[in-house]
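Me: I've got a model open and want to know what the labels on it rest on. Can you take me through them?

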Amino acid sequence: MSYPAGLHVIEQSGTDPAAPAVILVHGSLDRAESFRRVMRRLRDLRIVAYDRRGYQESRGAGVVDLGGHVADLLEIVSAVRSRSSGPVVGVGHSLGGDVVVAAALAEPRAFDSIGAFEPPMPWLGFRRTDPGSDRPREWTPLAEDPGVEAERFFSRMMSPSAWRRLTEEGRAQRRADGPALIADFLTMRGERPFDVESLSVPDAFGMGSLGADHHRRGVAWLGAHVPGAVDVEIEGSQHGAHLSHPDHFAAFVRLVIGRATA
């Protein structure tokens, strides 16, 4: 099986050779390894997860924009289909969900179904707001040092104490992912990159019951406006559901598969 040069890929062969194949796509400042807990709950399935270009073990492959990530994903889909006779589905977390959606729009026959958990789509108006206001916050200027931006983002998404608990090597690894993170931010802050309402593949969108308001509003909007879409909620989860609620996230993956085989 041939994957894009320079990308770090982890695979799970599955116990059923006829089972659907699942491609998992991580979000910003994340990595394929973060899906390990979910994969252990899907041992019957063939699963492919990978470090997006510019992140972690794929850092040496360079930094790309959304179009570059879409090209990588479609090449991975082609490789997976060459070895799989069953359905192929794509599931993305956070900005990884944007990559999956964009790939399904670029090549509607690539996937039999897709899923996205809290995909950020600020171009639709779903952005953080100040308390007591409906107006989106102004974008915070990006740090000149990508490593500093990576530390800011990690501390904001996890907590400052979580950053301090990382080892020196762990902090260095996150800082080294700064350039790829900046590229992700530029995608989110740019013009609308795709028309999500044009999706023609069966799809599902997920959110956490404790997720940020702009993510929850965004997923509810997607469920209401994307033809045939369903939206589901993971009770007690925040944004990182694949880490905190792997059983529920695995169930979300199976729901996406069910939409491909219905």
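Me: Which residues form one aromatic cluster?
Reply: Phe 35, Phe 117, Phe 249 and Phe 252 do. Bear in mind that this is a predicted model, where local features need pLDDT of at least 70, side-chain atom pairs count only at pLDDT 80 or more, and totals for chains, interfaces and linings use all residues. Residues are numbered from 1 along each chain as its sequence is written, and side-chain values use heavy atoms, with hydrogens and water left out.

Me: What makes Phe 117 and Phe 252 an edge-to-face pair?
Reply: The search of the whole structure turns up 8 aromatic pairs. For Phe 117 and Phe 252 the numbers are 6.3 Å centre to centre and 75° between the planes. Rings of Phe, Tyr and Trp (its six-membered ring) pair if their centres lie within 6.5 Å, and planes under 30 degrees apart are stacked, over 60 edge-to-face, the rest tilted. So 6.3 Å and 75° give an edge-to-face pair. The pair links distant parts of the chain, 135 residues apart: Phe 117 is in strand β5 and Phe 252 in helix α10. (Helices, H or I with at least four residues, and strands, E with at least two, are DSSP runs numbered from the N terminus.)

Me: Why is Phe 117 called buried?
Reply: Its relative accessibility is 1%. Buried means under 20% relative accessible area, exposed over 50%, partly exposed in between (1.4 Å probe, protein chains only), so Phe 117 counts as buried. Phe 252, with 3%, is buried too.

Me: And why is the pair of Trp 123 and Phe 194 edge-to-face?
Reply: The ring centres of Trp 123 and Phe 194 are 5.4 Å apart and their planes are at 85°, so the pair is edge-to-face. Trp 123 lies in the loop between β5 and α4, and Phe 194 in the loop between α7 and β6, so parts 71 residues apart in sequence are tied together.

Me: How do you know that Arg 127 lies over the face of Trp 139?
Reply: Arg 127 is 4.0 Å from the ring centre. The rule asks for NZ of Lys or CZ of Arg within 6 Å of the ring centre and within 35 degrees of the ring normal. Arg 189 lies over the face of Phe 185, at 5.8 Å.

Me: What makes a polar contact with the side chain of Asp 184?
Reply: The side chain of Arg 52, at 2.9 Å. A polar contact is a pair of N or O atoms within 3.5 Å; within protein, one must be able to donate a hydrogen and the other to accept it, and residues adjacent in sequence count only if both atoms are side-chain atoms. Asp 184 is in helix α7 and, at 2% relative accessibility, counts as buried.
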